[in-house]
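Dear colleague,

Please find below the structure I am handing over to you. My notes on it follow directly after.

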There are 2 protein chains.
Amino acid sequence: MADKIFRVNMSDLTTRIEDVPGVWAGLGGRGLTSNVIAAEVEPTCHPLGKNNKLVIAPGLLSGTPAANSGRLSCGAKSPLTGTIKEANAGGSSAQMLAKLGVKALIVEGMPAEDKWYSLHVTADGVTINEETELIGKGNYDVIEKINARYGDKTGVISIGPAGEMKMAAANLSVKDPGSRIRSSGRGGLGAVMGSKKIKYIAVAPTDNKVDIAKPEEFKAANRAFAKALVDNPISQALGQYGTNVLVNIINEAGALPTRNFTSGQFAGHEEISGETMHDTIVAREGKPKHNCHSGCVINCSQIYNDPGKNYKTSGFEYESIWAMGADCCVDNLDLIAEADHIMDDLGLDTIETSVAFGVAMEGGLLNFGDGEGICRILREDIGKGTPLGRIIGGGAGNVGRAFGVTRVPVVKNQAIPAYDPRAIKGIGITYATSTQGADHTMGYTIATNILGVGGKLDPLSHEGQVELSRNLQIATAAIDSTGMCLFIAFAALDDATCLPSLIDMINARFGIALTADDVTNLGMSILKTERAFNMAAGFTSHDDRLPEFFKEEPIAPHNVVWDLDDKTIDSFWNF
Amino acid sequence: MADKIFRVNMSDLTTRIEDVPGVWAGLGGRGLTSNVIAAEVEPTCHPLGKNNKLVIAPGLLSGTPAANSGRLSCGAKSPLTGTIKEANAGGSSAQMLAKLGVKALIVEGMPAEDKWYSLHVTADGVTINEETELIGKGNYDVIEKINARYGDKTGVISIGPAGEMKMAAANLSVKDPGSRIRSSGRGGLGAVMGSKKIKYIAVAPTDNKVDIAKPEEFKAANRAFAKALVDNPISQALGQYGTNVLVNIINEAGALPTRNFTSGQFAGHEEISGETMHDTIVAREGKPKHNCHSGCVINCSQIYNDPGKNYKTSGFEYESIWAMGADCCVDNLDLIAEADHIMDDLGLDTIETSVAFGVAMEGGLLNFGDGEGICRILREDIGKGTPLGRIIGGGAGNVGRAFGVTRVPVVKNQAIPAYDPRAIKGIGITYATSTQGADHTMGYTIATNILGVGGKLDPLSHEGQVELSRNLQIATAAIDSTGMCLFIAFAALDDATCLPSLIDMINARFGIALTADDVTNLGMSILKTERAFNMAAGFTSHDDRLPEFFKEEPIAPHNVVWDLDDKTIDSFWNF
């Protein structure tokens, strides 16, 4: 079954299936979403207008039995940053779309009438249906109702009320096999889907299989690949404690941004740590290990129950916990879980929204530490779209503007996540230069700066940080195109069998002969395509900068400022 | 008496008097504020942080008997646009500062403590006083209290609650001789003064006189200059109907942006016109003619009374009346006057705020035409700093982001004023290319495009618009440096005696020998200095663009879109 482009025009409510142009044939995931946007979206268009497009693409290996290949890439011009944007998530839709033969789903235009719609994707194409019942509903409710309509196995990509209200912190939610929620979190893609008046995309289950040109080679490579993943000690730690294993590690490193980025350590770190979370989950009969898509061998997700042993949240990530925990000084995991649940339900990026609360706390809206206050405002204000809700739902930069706060941790208007760039210089380069605004996943130097993966590099030194970030950003762009979870990177950096096996799988899937250089070239080409889009949208190297306060306010305990100069930052693009 | 720089450091609460560096000796008004900012302010600094500076400068002729020379320039990096900013206003302070020997007042730094202050400027220097009583008070109250403290003749430059709350639409208010309010309206300079925790600047009255090198030549030139102003038919129309004479003219031209820029004509134009306003003022025993500073011979201001014949507002300008009138569809002059009074009292740019209401109306906050709703939100929300108030006080672009509205008439995030660029192409060039965001006063092509002053140029043609805007922007930059009101431009464009007389006055004042070319070169140099600051702050030609919707939505009655291409726009800077 040949892969096709499934195209939906919301202006005239038509859909069609197109052959894949030759130039896109070798692309998947982020490589495809970014190339489609670069080719078809006017860089200066309004992100919430009819000229923006929402592009959804499984990775090159999605739908195959390859371990950890279930990530779904979603792209558009971002209403938060104004840059090109790709955010990916697990869940079941990537594999299902791949099996349906969907190379990419491109949603364009905008309805003239003020009506809501849903899309139903099957192997025969896309059907557009008017939607009324689910409008205003949260993602948990949406998933339950769609399960009832189409069956439990249906894939769901949906927006909550935040996306309907076109808030810049609105994300896309992707249903996982257990009908829980994974999120394409960053950059306001939920607002783009909301602007196109689409409440959800349902993906039909199928018995189709993805074509594999050389099945035996594929199987052998996958075996070696999965072994590399399973054997890796970081994979194992992620399976035991989840990503939240990082709270104590980053706090120890003095790089856990606390109280709106005014300290690098949080007194309440033990209360919100991965270890505490693990013990709590076990005591409450949750699941410390849980996979967000079938085929994952790392299982960094978990099911976190409330004290009454009822489900509260899953995919409870370090960065979300950090943001409401250390950054807002809330040392209560149950309150953070409650907020996480509400944000998933409303369809909000937990990083952007919680960092926005940190800025609002500095602006005097709430006291630091007031987790109940955050939950109340999430429910009563953001959920109902009050003016306060719209300010916070607009993200951290927006809150800074509203309250006249100058300590606003954003790059290209996107909130800086859980690693302070003053104390970990490499990640500062990633924040500054990423084509997508501040985003740790774009070039996760924490691996080498802190975890000693792929070598060691002193987080406080200036030397080698640009090269580290560049190499990781290139590799990440390539990995994000395969449908692979980024957590394969730990094994890829430390186990010589891992990357060759991954390339072998791609070659076996398509009957081609990529080399490691080809993969690197793919990554470089994606970054350059994204950068060119941004330049055409008006961005320059002046936008590749951290906020002023990082250069002026030393952070404890290292008492260091951000001190890499502009020329060094700009040398990132010398490739 | 030699002119000096009066410098105030709010970080350590010190003040000092400095000699004027040679490079600034020939500068005044905007030429000086922009050059000080370019020299002393880091272009990438946060506009509300300690590294921004507020610069206040009278013009080269301020304080002399020259007709219409009482404008005060205020400059900073703008929190609304992120560009360099100069906004000027009448009132009595320019003349008083000049007579005190203040070439420029430079306010830098920011207090560490959360306390408010005032500045008192005398010939001996500046005194910083802590202020408590007037915090939270409106400008009318502030002026009354300062009159009681220091006497009626004291000059006042103050901020209202909007500036205290650092709203991006906050302006600076300048007291006029009748203790009414003139405004340095655009770009959020009130927020900059608020960030420095200064509630007001009091300027001591003085019997000093400004030195004039050649008094007889000066007197003769001023006579010729004043005659040119008084004889000019547009000056006369401005004296009779105020700037609001333009409502009917621009409506007739099909360029009166209506209902958030969706039409070029307003059905209720007669109700808000200059003619109706004039008759209403006369019937209510207000003043149809009123000067905002002594020495003005045009008298475009007025005193507008309420139906009970009590004072309601003054300086009731076309652009303010248009913004709440046509753009928000409020066809009731008394409601607009009420809103104007409240905005003056709160210290809000009437253009930015009212255009923001137009966008909010499109976003569903109020119905178009709901003038009572606007007054209520001004009082209850903006005045009290509720979240809704902070959204609207953040300006039109901010409202667009909050409510997900895509039809947002801003350039460089500053609201487009009262002349639709689709129907008057020349002003579109000014909006696009101005160093300060959309601002009609930066290059008022309406003079030639509509009023037939300085020749005629079809507003709908493409030809010559760039040259027209360029010539006017250069001339305006020079005029803004003299302390002259921009309304001298009508006489300057049509009366051959006007400009030479102005140059003669400058020469007689300083004992120099400027030529017309020198004045043109000054204007060009100011524009280039401002542009260089913006480029260093990260702006590019991509920012010299009108919003997307102007290119896509034709406006009635001409049914034209904005169709000047990017290359044509960029050719503006070819000088």
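Two residues are in contact if their C-beta atoms, placed from the backbone, lie within 7 Å. Please also bear in mind that this is a predicted model.

I begin with one residue of chain B to which that definition applies. Asn88(B) is found in strand β5 (residues 84-89) of chain B. Leaving aside the neighbours within four places in sequence, Asn88(B) is in contact with Gly29(B), Arg30(B), Arg71(B), Leu72(B), Ser73(B), Cys74(B), Ser184(B) and Asp480(B). A residue is buried if 20 or more other C-beta atoms lie within 10 Å of its own. Asn88(B) has 29 such atoms and is therefore buried.

Chain A as a whole

Chain A contains 23 helices and 17 strands. Its C-alpha atoms fill a box of roughly 60 × 50 × 50 Å along the principal axes. Of the 575 residues in chain A, 63% are buried. Among the contacts in chain A with a separation of 6 or more, 72% are between residues 24 or more positions apart.

The chain is divided into domain 1 (4-203), domain 2 (212-237 + 423-575) and domain 3 (242-420). The centres of domain 2 and domain 3 of chain A, taken over C-alpha atoms, are 24 Å apart. Where these two domains of chain A touch, domain 2 contributes 27 residues and domain 3 contributes 27 residues. On the side of domain 2, the elements giving two or more residues are α6 (215-231), α7 (233-241) and α16 (425-433) of chain A. That side of domain 2 is made up of 21 nonpolar, four polar and two charged residues.

How the two chains are related

The contact between the chains takes 27 residues from chain A and 27 residues from chain B. On the side of chain A, α14 (387-393) and α15 (396-403) each supply at least two residues. The residues of this side comprise 10 nonpolar, 11 polar and six charged. The copies meet through the same surface, because 100% of the interface residues of chain A are also interface residues in chain B.

A sheet and a helix in chain B

In chain B, three strands form an open antiparallel sheet in the order β13-β14-β15. Which strands stand at its edges? They are β13 (287-290) and β15 (311-314) of chain B; each has a single partner strand, so one side of each is left without a neighbour in the sheet. On average, neighbouring strands of this sheet are turned by 25° against each other, direction ignored. Helix α11 (residues 333-346) of chain B packs on the sheet and touches β14 and β15 of chain B, with a direction at about 70° to that of β15(B). Two bridges join β13(B) to the antiparallel strand β14 (residues 301-305) of chain B, and His290(B) stands opposite Ser301(B) in β14(B).

Strand β13 also has a part in covering helix α7 (residues 233-241) of chain B. The buried residues of α7(B) are Ile234(B), Ser235(B), Leu238(B), Gly239(B) and Tyr241(B). Their cover also includes α6 (215-231), α9 (274-283) and α19 (488-494) of chain B. Just after α7(B), Gly242(B) takes a positive phi of about 70°.

Backbone details

The peptide bond from Ala556(A) to Pro557(A) is cis, with omega near 0°. Pro557(A) is placed in the loop between α22 (548-552) and α23 (566-570) of chain A. In chain B, a cis peptide bond joins Ala556(B) and Pro557(B), with omega about 0°.

Two residues other than glycine have a positive phi. Asn68(A), with a phi of about 60°, lies in the loop between β3 (54-58) and β4 (72-77) of chain A. With 27 C-beta neighbours inside 10 Å, Asn68(A) counts as buried. Lys412(B), with a phi near 50°, lies in the loop between β16 (410-411) and β17 (414-415) of chain B. Lys412(B) is buried too, with 24 other C-beta atoms within 10 Å.

Yours sincerely

Notes: Residues numbered from 1 in each chain as written. Chains lettered and ligands numbered in written order. Predicted model: local features only at pLDDT ≥ 70, side-chain atom pairs only at ≥ 80, totals over all residues. Helix = DSSP H or I, 4+ residues; strand = E, 2+ residues; numbered from the N terminus. Nonpolar A, V, L, I, M, F, W, Y, C, P; charged D, E, K, R; others polar. Domains from an automatic or database assignment. Pairing = 2+ DSSP bridges. Axes fitted to C-alpha atoms, helices over the stretch in contact; angles between N-to-C directions. Buried ≥ 20, exposed ≤ 12 C-beta atoms within 10 Å, placed from the backbone.
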